[in-house]
Amino acid sequence: MWEDDVNKDGGRWLINLEKNKRSTDLDNFWLETLLCLIGEAFEDFSEDVNGAVINIRNKGDKLSLWTRDSRRQDATMKIGRKLKERLRIPNKLVIGFQAHRDTISKSGSTAKDRYRV
């Protein structure tokens, strides 16, 4: 995963969903995320996207979009904005980006967001 050379400097845009949203939002978000990957919706930054992961958990589900280089703030922010737009996430709801290096060295259950949209 993040130990891979392609991912080690990257990170993920993370969307947390409550368990009760599993059958509606999660399915739609996952489908739209896959369509973004297939259709290169991130335009000039599509090569910065490594893939997507979905985690089904008892407490709540997570959808992550993995990127190549967390140090490229402009690319990372444009990818996050495009993802939020395509998933139709309202402006008042914030999604965060976590660098893999921050996640590895976290001192609690979650890593601090490096970027937010």
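Predicted model: local features only at pLDDT ≥ 70, side-chain atom pairs only at ≥ 80, totals over all residues.

Me: How do I read a pair of aromatic rings?

Reply: Two values describe a pair of aromatic rings: the distance of the centres and the angle of the planes. Now take Phe97 and Tyr115. Their ring centres are 5.5 Å apart, and their planes stand at 35 degrees, so this pair is tilted.

Me: Where in the chain do Phe97 and Tyr115 sit?

Reply: Phe97 belongs to strand 4 (residues 96–99) and Tyr115 to strand 5 (residues 115–116). They are 18 residues apart, so the pair links distant parts of the chain.

Me: Are Phe97 and Tyr115 buried or exposed?

Reply: Phe97 is buried, and Tyr115 is buried too. With Trp13, they form one aromatic cluster.

Me: Next, pockets. How is empty space found?

Reply: A probe the size of a water molecule is rolled over the atoms, and this shows where empty space is left. Here, the largest pocket holds about 310 Å³ of space.

Me: Which residues lie nearest the centre of the largest pocket?

Reply: Ile15, Asn16, Leu17, Ile89 and Leu93 do, out of 15 lining residues. Two elements each give two or more residues to this lining: strand 1 (11–18) and helix 1 (22–38). Strand 1 gives the most, with five residues.

Me: How many residues of that lining are nonpolar, polar and charged?

Reply: Nine are nonpolar, two are polar and four are charged.

How values were computed: Residues numbered from 1 in each chain as written. Heavy atoms only, no water. 1 Å grid on protein atoms, 1.4 Å probe; cavity = no way out; pocket = protein on both sides within 12 Å on 5 of 7 lines; lining within 4 Å. Points joined across faces, edges and corners; volume = space filled by probe spheres on them. Helix = DSSP H or I, 4+ residues; strand = E, 2+ residues; numbered from the N terminus. Nonpolar A, V, L, I, M, F, W, Y, C, P; charged D, E, K, R; others polar. Phe/Tyr/Trp six-rings, centres within 6.5 Å; stacked < 30°, edge-to-face > 60°. Buried < 20%, exposed > 50% of the residue type's maximum accessible area, 1.4 Å probe, protein only.
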